[in-house]
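Here's a protein to look at together. Take a moment to turn the model around before reading on.

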Amino acid sequence: MLPKIPGHYVRKGRIVLLYVFLSMILIGILLSVSVTISSLKDHLSSTIVRSVSEALPSEAFLFLMAREMTSLRIHYPDQLTGEVDLLKMATDVELGDIRTLLGRELPGLESYHTEIAIAGEGTNFSNIPIESPPPSEEQLNSREVDQDELDAAKEKEEEEEKRERQVIEDKSVLIYHSHSWEAFNPLLTGESNQDASSTNPDVNVIAVGRKLKKELETRGIGAVHDTTDMTRGLKEKGWNYNHSYALSRELVQEALAQDDRLTYLVDIHRDSQPKKITTQTINGIEYARLFFIVGKENENFEKNLAIAKEIHEALESQYPGISRGVFIKTKMEGNGIYNQDLTERAMLLEFGGVDNNLTELYNSIEAFAEVFADYYYQDAETVDAKVSE
């Protein structure tokens, strides 16, 4: 007589079999579509397969394979101990969190997967960051530069150029832009829109990075500013906008290989929320609000999160309301890594929104540079103290 199998093992077995069966059906459908519909052949590529595999946790594959391969259970006991949440593994649904159930079905709700680590003044799930969709060729070229706005900003820059800046040999901060095309409506003519885009470095986020570099150098901090036109770079590689972080990763790795003194990474973006959400008046001065994005899918997550929190608190103590907070993203609602695995001092900063002008942006950059400089020199003292011990 065969031994009776416990009920909970039977239930788990059925769930695993159902999961495998549905996966096989899905793969079959995808393969059939790729063969029969020529228009999809270019899109059904290894990119899709990679995206699916990244979305599913590695534990899912390990769990399924270990059901049949005893050696895996021997070599990976830590990863296979305890109960496995098959519902979350197969569907990314967590019991008790309705966002995970409806987030893929209701338009707009997917963004609520973003976790608010620290909420700035007025920040809640109704006004969390909105990322612009990839721009079309028409969007990139349909609007002209507002020269009057640029001329007004340049007058201020000319005055600032008179300030003496040190020539700094040691570069410790790398400023770059994974989405360099993100632009600002006040710097462009024509009808304002949420997705303002341009390859002109005077009206997109490259202008923000250029200003930050100058402000850091004024405070004695050496910085390298990568001004790569990401739109052109992606085209040259035959990549689409979904590969933006893959391209910026190559740029960052090359910079780090050339100079190992670069320890801080700052990826600058801008939000798509309207001006009423992205602007703060402090002591009669208008500031473009900023915030931090921290990727959760890398080994440096905790350290980078700690830095973002500390700088956020310092900003708020000196410029109340300037920061919208610190947000955490996984691969399910963003890139999830954002090159932050490359150093323990990596930041993704979003300065202002699509409707902020250069004056508001510059005010915010100056405030950030001031606070960051304080953190930077304290951090350097801490590192030197550890080295001398």
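Which residues does Glu 344 touch, not counting residues up to four places away in sequence? Glu 344 touches Asn 300, Lys 303, Asn 304 and Ile 307, where contact means heavy atoms within 4.5 Å.

Before going on, know that this is a predicted model, where local features need pLDDT of at least 70 and side-chain atom pairs count only at pLDDT 80 or more, while totals for chains, interfaces and linings use all residues. Residues are numbered from 1 along each chain as its sequence is written, and side-chain values use heavy atoms, with hydrogens and water left out.

Back to Glu 344, which sits in the loop between strand S8 (323-329) and strand S9 (346-353). Its relative accessibility is 35%, so Glu 344 counts as partly exposed; buried means under 20% relative accessible area, exposed over 50%, and partly exposed in between (1.4 Å probe, protein chains only). Ala 306 is 38 residues away from Glu 344 along the chain, yet their C-alpha atoms are separated by 10.0 Å.

Now zoom out to the whole protein. Helices (H or I, at least four residues) and strands (E, at least two) are DSSP runs, numbered from the N terminus.

| Feature of the protein | Value |
|---|---|
| Helices | 15 helices |
| Strands | 9 strands |
| Buried residues | 42% of the 389 residues |

Among contacts between residues at least 6 apart in sequence, 75% join residues at least 24 apart.

Next, take helix H12 (residues 244-258). At 1.5 Å a residue (times one less than the number of residues), its 15 residues should span 21 Å, and the end C-alpha atoms are 22 Å apart, which agrees. Buried residues in H12 are Ser 244, Tyr 245, Leu 247, Ser 248, Val 252, Ala 255 and Leu 256. Their cover includes strand S2 (173-176), helix H11 (230-237), S4 and S9.

Grid points are joined across faces, edges and corners, and a volume is the space filled by probe spheres set on the points. The count comes to 3 cavities of 30 Å³ or more, and the largest cavity holds about 120 Å³. It is lined by 14 residues, and Glu 131, Tyr 245, Ile 293, Lys 329 and Glu 350 are the closest to its centre. Strands S4 (264-271) and S9 each give two or more residues to this lining, and S4 gives the most, with 3 residues.

Methods:
1 Å grid on protein atoms, 1.4 Å probe; cavity = no way out; pocket = protein on both sides within 12 Å on 5 of 7 lines; lining within 4 Å.
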